[in-house]
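Please look over the sequence and the model shown here. The report that follows covers salt bridges and the sheet.

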Amino acid sequence: MAPLTAPKSGDALFASVDRVNAELFTLTYGAIVRQLLTDLEEVEEVNKQLDQMGYNIGTRLVDEFLAKSNVSRCVDFKETADVIAKLGFKMFLGVTATVTNWDAEGTSCSFVLEDNPLVDFVELPDTCQGLHYCNVLSGVIRGALEMVSMKTEVTWVRDMLRGDDAYEMRVKLIKQVPEEYPYKDDD
């Protein structure tokens, strides 16, 4: 069933969402990462914890996104990736991503961010070179996609904090999970 109104643009979505001060958000996220590094001591454990935090956020953000964006059900993974890149990133971070590097089956692509508000004021020390500082974003993508019946694997390919020219996440569709309903309709 088509929506009654047209989907909003990324800019319209960004304007319609309540926001906190970007610097406060960035500094708070940095404090969380710093505390995880202190508490967990192992960089790989911090990466896992950031991913899990993002996953938990993503499972909740998808409801807000669907309610405010007027986007109807996407027909396939490619359309879903475009919606995330153009609308989702814009709505919640104020930036858009580019979707590139599709595989032949249309089940794997990259999200490339040239600007990332999470990394303002950040420099990784030599002791944290294995840290995926923005791993919360990969968890958000994974959690949100799982809520719309897509099991995915999300990994970081490039990171400007490590000297690369952009931020790139690789998203691979593992399987499309059929929707299950908790009860059967009486016939």
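Glutamate 64 and lysine 68 form a salt bridge, with their closest N and O atoms 3.1 Å apart. A salt bridge here is a side-chain nitrogen of Lys or Arg within 4 Å of a carboxyl oxygen of Asp or Glu. Both residues lie in helix H3, 4 residues apart, about one turn of the helix. Helices are DSSP runs of H or I with at least four residues, strands are E runs of at least two, and both are numbered from the N terminus. Glutamate 64 is partly exposed at 28% relative accessible area, and lysine 68 is partly exposed at 28%. Buried means under 20%, exposed over 50% and partly exposed in between (1.4 Å probe, protein chains only).

This is a predicted model: local features need pLDDT of at least 70 and side-chain atom pairs pLDDT 80 or more, while totals for chains, interfaces and linings use all residues. Residues are numbered from 1 along each chain as its sequence is written, and side-chain values use heavy atoms, leaving out hydrogens and water.

## Other salt bridges

The count comes to 7 salt bridges. One of them joins arginine 142 and aspartate 51 (2.6 Å, N to O). Arginine 142 is in helix H5 and aspartate 51 in helix H3 (residues 43-69), so the pair ties together parts 91 residues apart in sequence. Arginine 142 is buried at 18%, and aspartate 51 is buried at 16%.

## The sheet

An open sheet of 4 strands has the order S1-S2-S4-S3, with antiparallel pairing. Strands pair if DSSP finds at least two bridges between them. The edge strands are S1 (98-100) and S3 (150-158).
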